[in-house]
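Here is a briefing on one structure. Look over the sequence and the model before reading on.

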Amino acid sequence: MLKSGDLLRLADAVLLPGFAGTSPPDWVRRRLGDGLAGVVLFSRNIASPAQVAELTAELRAENPAVIVGTDEETGEVTRLEVATGSSRPGAYALGVVDDVELTEALARELGADLAATGITIDFAPSADVNSNPDNPVIGLRAFGADPELVSRHTRAFVRGLQSAGVAACAKHFPGHGDTSVDSHHGVPVVADNGIECALRPFREAIAAGARSVMTGHLLVPAYDPDLPATLSPKVLTGLLREELGFDGMIVTDGIEMAAVSGPYGIGRASALAIAAGADAICIGGERSDEATAAGVRDAIAAAVMEGVLPEERLADAAARVAALAAWTRSARSHAPAPLGAGGQLGLVAARRAVRMTRRSAAPVLPVTTAASVVELAPQMNLAIDKGTPWGVGEPLARLLSGTTVTRLTAGEATGAALEDLLAEANGRPLVIVVRDAHRFAWQREAAEHLLGVRPDAIVVEMGLPERSDLGAVHLATYGSATVCGQAAAEVITGGL
């Protein structure tokens, strides 16, 4: 048995905590010097690419082998571009275009941007098959609902990202797509009859050489009826390691999420995850203080002392984390120059993803005069930063001077408010923007209220388009990233 100090250092070697602020706090610097594996950057840590590069340089000064991770999926879940909205559409739009060369090139371009800021692992792509359209947390983050399509684009994204020297991380194993519960709040259950389809993209990610896989806090009764995947030896060791043959780093989804921390507490859940086969613990999305990170380290060490977590398993986990850090240093030094398209690749992809359904013989498009835009804004899941810009109004206003934009939330979309907007829009083109309207009754009701008076309105769906029979013209962008709004505005004004 290692001495207590050595055991604590070994426990630190599997931790990837978050922190507050745009520069490393003293406790992170100190812990990195003592062997902390790395950190995870969230929106709160990012002001600009230059600032991130400076931050990561400070981290490397404390530990040259530091792992720096972030959730840069493009589209709805963006970290580098959280202040402006993503310049690349998300996975679903790429799946709609279904050009694997485009997906690979976009991922390569993304990897080059991440590498330039010093980020070494991207917790992407989402390899989930979004076979449940009511899924509250995956949706547009997946490449689609077809396992074969998701598989080929997962593989392309992994290839592109890693060709730039940034480790890819396929998530959320063994598949979060066919669920209706957000694991931030509860335990989703994966149906037995859907597990093989869910596993197919992960098999492809492994075949493509993905350096990391992220666990999902999911109950998979076909393999383990009692423990969620993150805490299950049957799923992580039996399925992922032995059956699928994955030899890279297994990292947990945020360990403070209720699906795993609720029953066990953050520290105990972390120890059980390592015992089950995970190698790195991601923490800090919601709990970013020093006390939490220290508590997780201490709980892992205590589990070794208690015999709950074999010391050999912890040492193996630390070795796999170190191996990933070594790969990123080597891969970055040998990465070729990116083959991007002058920063326009994302817009090219977004334009190609737009789908239009005309439902009126009247010449609704193009719109050439100032329009009235009503954006219906639902509350999104915790993976999507609430401050990330989205919508069609702002880019349309740039193209059509005098365009007005009103954004309404659920509580604001009252009948009186909608009638006021209809009065203001009298004589002007009306554009109604929704986001996953099929999941929010209030959006459907508000849209139908507006369309009852203005059947000539244009409807833009920036989420999953379960319906295309709304409006005189219906546009589906398959994403709400900045470039998706720009592409829709171009269609509306005749630019596409």
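Which handedness does the crossing of α1 and α11 have? The crossing of α1 and α11 is right-handed; a crossing counts as right-handed if the near helix is turned clockwise from the far one by less than a right angle, and as left-handed if anticlockwise. This is a predicted model, in which local features need pLDDT of at least 70 and side-chain atom pairs count only at pLDDT 80 or more, while totals for chains, interfaces and linings use all residues. Residues are numbered from 1 along each chain as its sequence is written, and side-chain values use heavy atoms, with hydrogens and water left out. Helices (H or I, at least four residues) and strands (E, at least two) are DSSP runs, numbered from the N terminus.

**Helix packing around α11**

- Helix α1 (residues 4–12) packs on helix α11 (residues 290–306) at about 120 degrees, with the axes 8 Å apart. Axes are lines fitted to C-alpha atoms, for helices over the stretch in contact, and angles run from 0 to 180 degrees between N-to-C directions.
- α1 and α11 are therefore oblique to each other. Angles under 35 degrees count as roughly parallel, over 145 as roughly antiparallel, 65 to 115 as roughly perpendicular and the rest as oblique.
- From α1, Leu7, Leu8, Ala11 and Asp12 meet Arg297, Asp298, Ile300, Ala301, Val304 and Met305 of α11. Contact means heavy atoms within 4.5 Å.
- The contact of α1 with α11 has 7 nonpolar, no polar and 3 charged residues. Ala, Val, Leu, Ile, Met, Phe, Trp, Tyr, Cys and Pro count as nonpolar, Asp, Glu, Lys and Arg as charged, and the others, Gly among them, as polar.
- Helix α10 (residues 266–276) also meets α11: their axes come within 8 Å and cross at roughly 50 degrees. This crossing of α10 and α11 is right-handed.
- Ile266, Gly267, Arg268, Ser270 and Ala271 of α10 touch Thr292, Val296, Ala299, Ile300, Ala303 and Glu306 of α11. By class, that contact has 6 nonpolar, 3 polar and 2 charged residues.

**Helices α13 and α17**

- The axes of α13 (residues 345–353) and α17 (residues 482–492) come within 8 Å and cross at roughly 55 degrees. The crossing of α13 and α17 is right-handed.
- On α13 the contact uses Gly346, Leu347, Ala350 and Arg351; on α17 it uses Val483, Cys484, Gln486, Ala487 and Glu490. These residues divide into 5 nonpolar, 2 polar and 2 charged.

**Sheets**

- Two strands pair if DSSP finds at least two bridges between them.
- Strand β3 (residues 67–70) runs parallel to strand β4 (residues 121–122), joined by 2 bridges. Thr70 stands opposite Asp122 in β4.
- Another open sheet of 6 strands has mixed pairing, in the order β9-β14-β13-β12-β10-β11. Its neighbouring strands are turned by 15 degrees against each other on average, direction ignored.
- β9 pairs with β14 (residues 473–476) in the antiparallel sense over 4 bridges. Thr357 stands opposite His474 in β14.

**Salt bridges**

- The structure holds 33 salt bridges, each a side-chain nitrogen of Lys or Arg within 4 Å of a carboxyl oxygen of Asp or Glu.
- One of them joins Glu58 to Arg29, with the closest N and O atoms 2.3 Å apart. Glu58 lies in α3 (residues 49–62) and Arg29 in α2 (residues 26–33), so the pair ties together parts that are 29 residues apart in sequence.
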